[in-house]
Amino acid sequence: MSHSSSRTRRNGAGDLDRREFLAASAAAGGAFVLGFWLPSKSAQAAIVAGAPWYEETGTPEVNAWIVIEPDDTVTVRIAQTELGQGVWTSNAMMVCEELQCDWNKVRPQYASANRDARESAPEWTLNVMGEGAYDPAGGGEPLFRDREPVRGIPDSLYRRMRTNEASSVRDGRYYLQLAGAEARERLLLAAAAEWDVPATELSAKDSVISHRGSDRTTTYGAVAHLAAETPHPDPDAIRIKPPGEWTLMGREQKNLDVPAKVTGAAVYGIDVRMPGMKWAAVRACPVYGGDVESFDFDAIRDRPGVRSAHHLPIPDPSLLRGREFSGAVAVVADTWYQAKTALDDLPIAWDIPGDRAALNTAGMHGTLLSALSQPGRVRVDEGDVDSAIAGANRVVEATYSTPYLPRARMEPGNATVLVTDERVDIWIGDQSPQETRRSASRITGLAEQDVFIHLCHLGGGFGRNGNGPQAEQALMIANANRGTPIHLLWTREEDFIGTTYRAMGVARLRAGLDAEGWPVGLEVRTAMQEDGFGPTSSFDVASRYFTPNYRFSNHTADFHIPCGTRRGVGQAAHEFYRESFMNELAHAAGKDPYLYRRELIARTDLPHRDDMIKALDLVAEMADWGSPLPQGTARAIALEEKGAEARGTATISAMIHTVSISREGVLRLERVDVALDQGFSLINPLSVKKQIEGQIVWFYNDAMHQANTVLGGRIVENNFHRFSVSRLAEDPPEINIQFFETEHWMRGMGHDRATSVQSGIGDAIFQITGKRLRDLPFSQNDLSWG
Amino acid sequence: MAFDLEVNGTSFSVDADPQTPLLWVIRDQVGLTGTKFSCGIAQCGACTVHVDGQPIRSCSFPASAAVGRSITTIEGLSADGSHPVQLAWKEFDVPQCGYCQSGMIMSAMALLDKNPDPTDADIDAGITNICRCSTYHRVRKAVHRAAELLKGQGA
Ligand code: FES
Ligand code: FES
């Protein structure tokens, strides 16, 4: 914060009055003990109606997930973030399935990341029985049995508050069901004590407790305060319901966040307003790793509303999973528009590392391609690939490219932060509040126990770490302006700088085919930036399609673009390579791409082999595979899977894409048929359908339109005039989705389905126009034919 | 500069540079935050409001140009979600993250004002808002449903 303004005009009126702060805290009564803080009355009037964040009402909670008011309203605390995937509803369903409360009186609310820093998880949540993936009542892997943090998952109150890896159901279901069951048992115990009858004579439904043998009834609301003081004598004995006993889960439930999202009442981070709040606009060095050399605050200091300007150093990469963003300048003003327009006119000199400024896409792509001819790091080597291919009847080789891609969520990055000498308050939509809590502590020097994160809805996620340094930047500014709430908001252009990208990648696949067209050897080489989750995850062709000899090697490049988990992660690119190549092989072999895949799966001994065949067969039937199509229309099939190579959770799907291309070259995705493994059961099938519909268009955009290029070390496409996003006119007119049951729990649904739109469109282009395109996006090519 | 704006039938006195985009005056001075900012360059439609019944992208529309005209935001459709377009949206559970939906609904409303019985092609051509969650499939269905509900209301 070396360049803080010499002329900050803080006159008191803008600053939150500390006495008001303390008075409000005290007024919250017992809640203050937990460190809860109420915004002042005016702030509440402006923002609290419908605020989704943690709040104490004074009613004692039954457990950390559940508060029941005397009128039977049930507040369910949600430890993941709603970003469109339906977790606000599905997490509540998991709790309420067991609680057996009246679903119409359920109100979700975000869990407190502050309590998570202060309290440990209850012992009973550690108790995961059963056999994981294959036990109908099991919770997947028993990640939490020990108090040892597993995969970065702590043993704090809410365990994982992250929203990532499609894992909210996979990792959370068991203990969320337990949370509901534990509360239900205690409500029954409380009623039993009241009536002096054995709890075994009581039953509960829709928040009403009834006594068998008498006509006595009571409600959850009436006994909740007693239940709060009634510990369960043996929580380890509580069992959760398997899918066969579910009455709420597994059935389509309308999403509980939807009503507020059609009236404009839903509260996102950008909507937070505080008394005395100032706005910050930010401009970061457009070349990652660059910083601010100087800026001339005098040029803008007299503009209306302008308060101060700050140099924000490059955020500590250790707070951002190792990613290096840029140094930046922030201008603070009374309104955001004042701050933004002043910043537009602020002279800034950048300090840009020369080697980075020399980078552009063509050169970087060339580096990756030439890496493919070097021996890379061998990940899998089975049999003798080289001799198998050398002795093959024919050899097929193809090289594919996938560009840098951002998440480009609709809500630009923002955070509102108030730092005082006692505590930090952050209002933010955040996919990893536990990490933000740590950032707040590191930047302000206050303890994590004194960090309060008020979670808001998030206007799109699409990848946890892509959030970038918005919280860190806001924390730096607010720390320099202690006592004043600072609302940082990025422009769209800034959001393209503050995000991580999926790594640009290339892959070369080479197969030797026997006289009948079956692969005798397959070699796969990929090259990507190491940090992109690209080279190592989700790619092992041999473990899906049978080939007796197989080698997979990967090559990494060290570029300066921060790469991270974008929707679909590495799988999105890898399935494009794999499924495109399978189509090429089937065509080369003169075989039907559906039956070719089916046979090559059938020849494996993979644990999920039969489910993959089921998916292929079902989707072929759904789409009437093989039936005639008009000229200029083609179908392509693909298999998508996660986890099919090992015993355990998996998600399997097969899709058929029907594509038309006019002679002039206008392509339309006409129809998508989807067969999706639902494991023992889905939680909310409605949310799953919505996710699939959205992902189809997401990967349609990847296939047809989207790429970020680098010029002079900068990302070129930084707003929607250059970075194109499809509109309604490109949405497929027909989407058919069918689920099929399997004997394992699903791996997750959040992000990696419908990657096959990419290979499907690619193959349809080939079938219709004869052009085999291997570099995404396809719309950079002339698709006319005939 | 101080001027008056009529938003959802109520007059507000605001003080802003007249070139300030209407979006920021609505969000920060009038205090209605249902209208969203996303691109700032009239590309995405998240900021769509009606001025004298016409949909405009308020991020690129100077506030002063709305003086003396009647502005409608998402909050002006109905506070309780009972407007037919909102009912249709709920019936199809359209929103995902929801961030684009105020603008999407205002665009749908404008389309239905002009064309009470739109075909799929009319909807595809008439609504050009971006939804990054790609709720388009349900938007199309919900617009048809809203058209039905609006007709029923008129009858
Ligand atoms: S914010 Fe106005 S059109 Fe995108
Ligand atoms: S619902 Fe998320 S952008 Fe449209």
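Predicted model: local features only at pLDDT ≥ 70, side-chain atom pairs only at ≥ 80, totals over all residues.
Chain A is assigned three domains: domain 1 (66–261), domain 2 (269–354 + 410–497) and domain 3 (568–786). Chain B is divided into domain 1 (2–76) and domain 2 (84–152).

**Domain contacts**

- In chain A, the C-alpha centres of domain 1 and domain 3 are 36 Å apart.
- Domain 1 of chain A puts 29 residues into its contact with domain 3 of chain A, which supplies 24 residues.
- About 2000 Å² is buried between domain 1 and domain 3 of chain A, and carbon and sulfur atoms give 59% of that area.
- In chain B, 21 Å separates the C-alpha centres of domain 1 and domain 2. The contact there involves 15 residues from domain 1 of chain B and 12 residues from domain 2 of chain B.
- Domain 1 and domain 2 of chain B bury about 1100 Å² between them, with 58% of it on carbon and sulfur atoms.

**Helix 15 with helix 19, chain A**

- Helix 15 (residues 569–589) of chain A and helix 19 (residues 756–769) of chain A have axes that come within 8 Å and cross at roughly 30 degrees. Helix 15 of chain A is therefore roughly parallel to helix 19 of chain A, angles under 35 degrees being counted that way.
- The crossing of helix 15 and helix 19 of chain A is right-handed.
- Helix 15 of chain A contributes A572(A), F576(A), E579(A), S580(A), N583(A) and H587(A), which meet Q758(A), S759(A), D763(A), F766(A) and Q767(A) of helix 19 of chain A.
- Sorted by class, the residues in the contact of helix 15 with helix 19 of chain A are three nonpolar, six polar and two charged.

**Helix 18 with helix 19, chain A**

- Helix 18 (residues 685–704) of chain A packs on helix 19 of chain A at an angle of about 50 degrees, with the axes 8 Å apart.
- Helix 18 of chain A crosses helix 19 of chain A in a right-handed sense.
- On helix 18 of chain A the contact residues are I696(A), F699(A), Y700(A), D702(A), A703(A) and M704(A), and on helix 19 of chain A they are V757(A), Q758(A) and I761(A).
- The contact of helix 18 with helix 19 of chain A has seven nonpolar residues, one polar and one charged.
- Q758(A) of helix 19 is listed in the contact with helix 15 of chain A and in the contact with helix 18 of chain A.

**Helix 16 with helix 17, chain A**

- The axes of helix 16 (residues 593–602) of chain A and helix 17 (residues 609–622) of chain A are 9 Å apart, and the helices pack at an angle of about 165 degrees. Helix 16 and helix 17 of chain A are therefore roughly antiparallel, the class for angles over 145 degrees.
- Helix 16 of chain A passes helix 17 of chain A with a left-handed crossing.
- Y594(A), R597(A), R598(A), I601(A) and A602(A) of helix 16 of chain A contact R609(A), M612(A), I613(A), L616(A), D617(A) and A620(A) of helix 17 of chain A.
- By class, the contact of helix 16 with helix 17 of chain A holds seven nonpolar, no polar and four charged residues.

**Backbone details**

- The peptide bond from L776(A) to P777(A) is cis, with omega near -5 degrees. P777(A) is in the segment after helix 19 of chain A.
- A42(B) is not a glycine, yet has a positive phi of about 60 degrees. A42(B) lies in the loop between helix 1 (22–30) and strand 3 (48–51) of chain B.

Terms used: Residues numbered from 1 in each chain as written. Chains lettered and ligands numbered in written order. Heavy atoms only, no water. Axes fitted to C-alpha atoms, helices over the stretch in contact; angles between N-to-C directions. Helix = DSSP H or I, 4+ residues; strand = E, 2+ residues; numbered from the N terminus. Parallel < 35°, antiparallel > 145°, perpendicular 65-115°, else oblique. Left-handed = near helix turned anticlockwise from the far one by under 90°. Contact = heavy atoms within 4.5 Å. Nonpolar A, V, L, I, M, F, W, Y, C, P; charged D, E, K, R; others polar. Domains from an automatic or database assignment. Buried area = accessible area lost by both parts, 1.4 Å probe.
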